[in-house]
Amino acid sequence: MDGTLLDSEKLWDIPLYEYAEKLGGELSLKTRQAMVGTNVPTTLSLLFGEVGVTPTQDDLSDAAAWILRRTEEVFRSGLVFRPGAQEALRSVRASGVPMALVTSTDRALTEICLDTIGRELFDVTVCGDEVSGLNKPLPEPYLRAARLLGADAERCVAIEDSPTGVASAVAAGCTVLVIPCDVPVDAGERRVFRSSLEGVELATLADLLN
């Protein structure tokens, strides 16, 4: 979702950099890039480690709540589709092929994003707080989506923008259409690269499986 369908990774920058400053530190580009595609606990671990603070459980809970509130404010100020994403989603949906949204973002923020994306486009949504801690880059998010769709993950195409997301989809057995956004993704097995989702339709995805 973030960075693949929506150009929202840049919006995540705002609360993350702000919270690092609240802790008396500064978030480096390297650490920020390592957060892309990860879940909240991983992001917080990286953030506190960056500023040299060992958090208590209360610190982690407070940080998660603050970042959630601030990110919600930022998201509600305006979300923008990545090039071709809206058209590709609607084209594939119109074909009748089942689709799942698989995101590391928690359900509360995902619901805000679905107001822009269109929740009616997906048969299933799997969020970062719904996989029992088995988040990307582990395969469970994509395996869960495939189970809910009644599909074989090896016959699914995942669309991803980050190394973490790509690793998850590949581990699940999916073929991955990679649309890099803010972080480079290395070439590897079952990965096909495009510069954007412009012109992507059902035939584009079917060709990847054939």
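The model is predicted, with local features needing pLDDT of at least 70 and side-chain atom pairs counting only at pLDDT 80 or more, while totals for chains, interfaces and linings use all residues. Residues are numbered from 1 along each chain as its sequence is written, and side-chain values use heavy atoms, with hydrogens and water left out.

**Exercise 1.** Find the aromatic pairs and classify each by its geometry.

Solution. Begin with the rule: rings of Phe, Tyr and Trp (its six-membered ring) pair if their centres lie within 6.5 Å, and planes under 30 degrees apart count as stacked, over 60 as edge-to-face and the rest as tilted. By this rule there are two aromatic pairs. Trp 12 and Phe 75 are edge-to-face, at 5.9 Å centre to centre with 90° between the planes. This pair links helix H1 (residues 9-22), which holds Trp 12, to helix H4 (residues 57-76), which holds Phe 75, the two being 63 residues apart; helices are DSSP runs of H or I with at least four residues, strands are runs of E with at least two, and both are numbered from the N terminus. Phe 75 is buried at a relative accessible area of 2%, where buried means under 20%, exposed over 50% and partly exposed in between (1.4 Å probe, protein chains only). Tyr 19 and Trp 66 have ring centres 5.2 Å apart and planes at 50°, so that pair is tilted.

**Exercise 2.** List the buried residues of helix H7 (residues 140-149) and examine what follows the helix.

Solution. The buried residues are Glu 140, Pro 141, Tyr 142, Ala 145 and Ala 146. Just after H7, Gly 150 takes a positive phi of about 70°.
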